[in-house]
Amino acid sequence: MPLYEYFCQSCNGIFEELRPIREAREPVPCPECYKDAARIMPTSFAAFTFRDGYPRRIPDDGKFYHLEKKVSRLVSSGRPNEHPEINKPEPKKKRSKGELEELKDLRSAARRGELSDLYGNAVRATQVTQMYDNGRVLKVSTPVNPPIG
Ligand SMILES: [Zn+2]
């Protein structure tokens, strides 16, 4: 059976699962929180937008994903599964230049019809900011489903 990769949004974690090819597209329960995790393509890593921290490897080997690279970013708090930046209260602050650029890129991808959420639903340019602020996964790839909402 081939090995596939899945992403759990609630754990911000990536894990591998051996599955029959015909079941590869179906969600798999996360090994930590048992919520459904959607399959991700290896080529999607580079386009993932993660607002808080990096997705981590499950089981936790101390490594995280940043874009398509595996990086070591040790979590210094006593709760190893939580990124220190995730639970900080978030005052309304000015967006950094990087964030503005990223939003601009995401919106122009959306206008070209090339922006999808984690599940392959098309994302409209008008939805980009809100989804970005909610920490939703936005990836530049051709959507398989029509826009949501
Ligand atoms: Zn999970």
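Asn12 is buried, as 23 other C-beta atoms lie within 10 Å of its own. A residue counts as buried if 20 or more other C-beta atoms, placed from the backbone, lie within 10 Å of its own, as exposed if there are 12 or fewer, and as partly exposed in between. The model is predicted: local features require pLDDT of at least 70 and side-chain atom pairs count only at pLDDT 80 or more, while totals for chains, interfaces and linings use all residues. Residue numbers start from 1 along each chain as its sequence is written.

The protein chain contains two helices and nine strands. Of the 149 residues in the protein chain, 17% are buried. Contacts are defined by C-beta atoms, placed from the backbone, that lie within 7 Å of each other. Among contacts between residues at least 6 apart in sequence, 44% join residues at least 24 apart.

Asn12 is located in the loop between strand 1 (3–8) and strand 2 (13–18). Its phi is positive, about 55°, although Asn12 is not a glycine. A positive phi, near 65°, is also found for Tyr34, likewise a residue other than glycine. Tyr34 belongs to the loop between strand 3 (28–29) and strand 4 (36–40). Tyr34 is exposed, because it has 10 C-beta neighbours inside 10 Å.

Asp36 is part of strand 4. With 14 other C-beta atoms within 10 Å, Asp36 is partly exposed. Leaving aside residues up to four places away in sequence, Asp36 touches Pro27 and Pro29.

A nonpolar core is taken as a set of buried Ala, Val, Leu, Ile, Met, Phe, Trp, Tyr and Cys residues joined through C-beta atoms within 7 Å. The largest such core has nine residues, namely Leu106, Ala109, Ala110, Leu115, Val123, Val128, Met131, Val137 and Leu138. Helix 1 (97–111) and helix 2 (128–133) are the elements that each give two or more residues to this core. Helix 1 gives the most, with three residues. Leu115 touches Leu106, Ala109, Ala110, Val123, Leu138 and Val140, when residues up to four places away in sequence are not counted. A second, separate core has seven residues, among them Tyr6, Phe7, Cys8 and Ala37.

Methods: Helix = DSSP H or I, 4+ residues; strand = E, 2+ residues; numbered from the N terminus. Contact = placed C-beta atoms within 7 Å.
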